[in-house]
Amino acid sequence: MAARIAGILLAGLMTGCAGVPSTPPGPPVREAAAPAPPVPPTSAPDKSEPKPAPPPATVPAAPKAPAAPAAVPRKPEVAARKPEAAPPVAAKPEGPPPLDLESLEQRLKETNAIGVLTKLSLKNQVDDLLEQFRDYYQGRLKTTLAELRRLYELLLMKTLSLLQDGDPTLAKAIHGSREAIWAILSDRDKFSKLP
Amino acid sequence: MKRNASRLLVIMMCAVIPVHAADDPKQRKDLAAVIALQGLPCGEVVRYEVKGDNDYLATCKDGNRYRVFVNAEGRVVVQKQ
């Protein structure tokens, strides 16, 4: 009888150990394990789906006979559900930032991170670059798109270096729109539609 | 005669007022940023003088002096002094 109980406990522990390595980082598991014991083993499979750590902790304290049969089928469930829970968390930062040129322009005008003269100077340089694009598309300027890209990146770097300390949110937004803005500048049709 | 002299004095004082040394850290930073945007050496603006509306004479840490002003076309111009 004692050997059977020990075997059941061992099996329970082993199933618990088998589940632990695939769980997320340690500290949350420890935190989750503490409040789990009062939860009855019958309700555990449903409630603790995303957190597989509690079952192993509850198994040793749980009633002997029903614990072993319940613990064995849990393994595949836990293993199968973990990948399902992970994608939504990883999917959040993926979304490409929508380009809103007007909003960016307005935010640049309103930011306190740079002074009035700096803003005016930046605007002068943006206008100069746009003029170069205009001349390039009209065949008046003999340059390459690669060279214009270099100038564009340089101006963007200047802008970001001016903003990153005083207005990191705006700097991030501009940096995030880098490719989207370039997609407009480097396309003759899209560029011609710019106001 | 005395009246004219005092009037002249007042006019001269008014003319002198705009040209004065100022020390607003924000303005110094703004001037330093403008100079840097033109690709000119400066590092840090240690002091500046206001010569008029949007017209400054900035002195850099490295000893360079620049006149920074907005011209009639609305462009920021940086001239080495």
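User: How many residues lie between strand 2 and strand 3 of chain B, and which residue in the turn has a positive phi?

Analyst: Strands are DSSP runs of E with at least two residues, helices are runs of H or I with at least four, and both are numbered from the N terminus. Two residues separate strand 2 and strand 3 of chain B, which form a hairpin, and B:Asn54 in its turn has a positive phi of about 50°. This is a predicted model, in which local features need pLDDT of at least 70, side-chain atom pairs count only at pLDDT 80 or more, and totals for chains, interfaces and linings use all residues. Residues are numbered from 1 along each chain as its sequence is written, while chains are lettered from A and ligands numbered from 1 in the order in which they are written.

User: How many bridges join strand 2 to strand 3 of chain B?

Analyst: Strands pair if DSSP finds at least two bridges between them. Here six bridges join strand 2 (residues 45–52) to strand 3 of chain B, and the two run antiparallel. Within this pairing, B:Glu49 stands opposite B:Leu57.

User: What is the sense in which strand 3 and strand 4 of chain B pair?

Analyst: Strand 3 and strand 4 (residues 65–70) of chain B pair in the antiparallel sense, over five bridges. B:Thr59 stands opposite B:Arg65. Four residues lie between the strands of this hairpin, and B:Gly63 in the turn has a positive phi of about 95°.
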